[in-house]
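Hi there,

Here is the structure I promised to pass on to you. Please have a look at it first, and then read on for what turned up in it.

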Amino acid sequence: MEKREYDEPFIERIKTIKYHYEGKIPNGLYHYYHDVLNGINIEMYMQMFSLSKDDLIKYARVCKILDIYKEILALVEIIETEADILEKDELEEYQGAINELQGEGETYLNDINVPIQGDETIDFNDSNLIIYSNYIDESKQKIINSHSGKGEETQKSIANIIEQLKVADYFGLRKKGYIHQIVQVDANKPCYIEGNAFERIGRISTKVNYIRIPISDNNREVIKKLLNSDFSMLYLVVSYGDFSNEGLDERRYYSEIYADFKKHYQELVAIINLFKYDFTDETKLIAMDLINKGFEITEDLLSIAGSRNI
């Protein structure tokens, strides 16, 4: 039996929750969260902790997640320290308990949102352009066709991340650790396309994968005049998804992302070159079509989210 008996991405998600919410949970709520989750004395606890009903329930769920985290680690410690003396059926019993706790934890994790925003030092300028690969609909269909029952919630999370990418300063996001380069899993090396990094931005298991597109000075001026507005970055969103929603572990998810990336490599190179080299009359029309379609796709995502706020 392997040393680690839990799903690593699952534990990492809990660590993210723990990091974000620890210190924000009102003192004393931990002792009463079972009542809150069971709908007992809700009004009394709202008054006791000066919380809205939504916030009270949210913090109670976080308390439950942290309890599950502690129970899983305690069971894993038993397995790791006593593996040599435990009988096979005992090991299986402990593993079954871990699996059951993890299943319960997934339910609560799916109801907790960790805002990717949350640092006032990030600059917002509403000036980044977003375009999409021609196969972006494959990402949407994976979400819709998943068996998790969380398709709509996942699309809302994707929309929130897209909005973040659209309005936030890239270097501020990098500085705060929200952006990472995608790594080719098997080779353990970063992915590039024509010297441009293949990057990701996301929260917990939800990811948006993109490339920053280089653009010639002449093309930038053409686009600014046609749109009657300035912009900072041009992002090509290659794919997006949620590996938990799609029933994948994180390693498998990135392996599939890289496989799609390689499969559509020439298409992505063509889009990069479209903006990198000065427009002809023909390529200008193609570029503006991509930009206009990008507006439509983004607005469609934001309408699913039901709000432009993150």
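Ring pairs join Tyr170, Phe171, Tyr210 and Tyr235 into a cluster. Rings of Phe, Tyr and Trp (its six-membered ring) count as a pair if their centres lie within 6.5 Å; planes under 30 degrees apart are called stacked, over 60 edge-to-face, and the rest tilted. By this rule the count comes to 13 aromatic pairs. One of them is Tyr210 with Tyr235, an edge-to-face pair at 5.2 Å centre to centre, with 90° between the planes. Tyr210 sits in strand β7 (residues 206–212) and Tyr235 in strand β8 (residues 234–242), so this pair ties together parts that are 25 residues apart in sequence. Tyr210 and Tyr235 are both buried, where buried means under 20% relative accessible area, exposed over 50%, and partly exposed in between (1.4 Å probe, protein chains only). Phe261 and Tyr265 have ring centres 6.0 Å apart and planes at 85°, so they are an edge-to-face pair too. Phe261 counts as buried, at 1% relative accessibility.

A word on the source before you go further: this is a predicted model, in which local features need pLDDT of at least 70 and side-chain atom pairs count only at pLDDT 80 or more, while totals for chains, interfaces and linings use all residues. Residues are numbered from 1 along each chain as its sequence is written, and side-chain values use heavy atoms, with hydrogens and water left out.

For the overall picture, the protein has 12 helices and 8 strands; helices (H or I, at least four residues) and strands (E, at least two) are DSSP runs, numbered from the N terminus. Buried residues make up 47% of its 310 residues. Among contacts (heavy atoms within 4.5 Å) between residues at least 6 apart in sequence, 73% join residues at least 24 apart.

Two lysines lie over tyrosine rings. Lys58 is over the face of Tyr59, at 5.0 Å from the ring centre, and Lys262 is over the face of Tyr265, at 4.9 Å from the ring centre. The rule here is that NZ of Lys or CZ of Arg is within 6 Å of the ring centre and within 35 degrees of the ring normal.

Next, a helix pair. Helix α4 (residues 53–82) packs against helix α5 (residues 88–109) at an angle of about 160°, with the axes 10 Å apart. That makes α4 roughly antiparallel to α5. On the angle classes, under 35 degrees is roughly parallel, over 145 roughly antiparallel, 65 to 115 roughly perpendicular, and the rest oblique. Axes are lines fitted to C-alpha atoms, for helices over the stretch in contact, and angles run from 0 to 180 degrees between N-to-C directions. The crossing of α4 and α5 is left-handed, that is, the near helix is turned anticlockwise from the far one by less than a right angle (right-handed if clockwise). Residues of α4 at this contact include Ile65, Ile68, Ile72 and Leu75, and those of α5 include Leu91, Ile98, Leu101 and Tyr108.

Back in strand β7, which residues are worth a look? Ile211 lies in this strand and is buried at 0% relative accessibility. Leaving aside neighbours within four places in sequence, Ile211 has contacts that include Ile193, Phe198, Tyr235, Phe261 and Leu268. Not counting residues up to four places away in sequence, Lys207 touches Ile158, Tyr240, Glu250 and Tyr254, among others. Glu250 is found in helix α10 (residues 250–263) and is partly exposed, with a relative accessible area of 24%. The C-alpha atoms of Glu250 and Phe10 are separated by 9.5 Å, although these residues are 240 apart along the chain.

Finally, some backbone angles. Most residues other than glycine have a negative phi. Ser50, in the loop between α3 (42–49) and α4, has a positive phi near 55°, and is exposed, with a relative accessible area of 64%. Asn228 has a positive phi of about 60°; it lies in the loop between α9 (217–227) and β8 and counts as exposed, at 70% relative accessibility.

Best wishes
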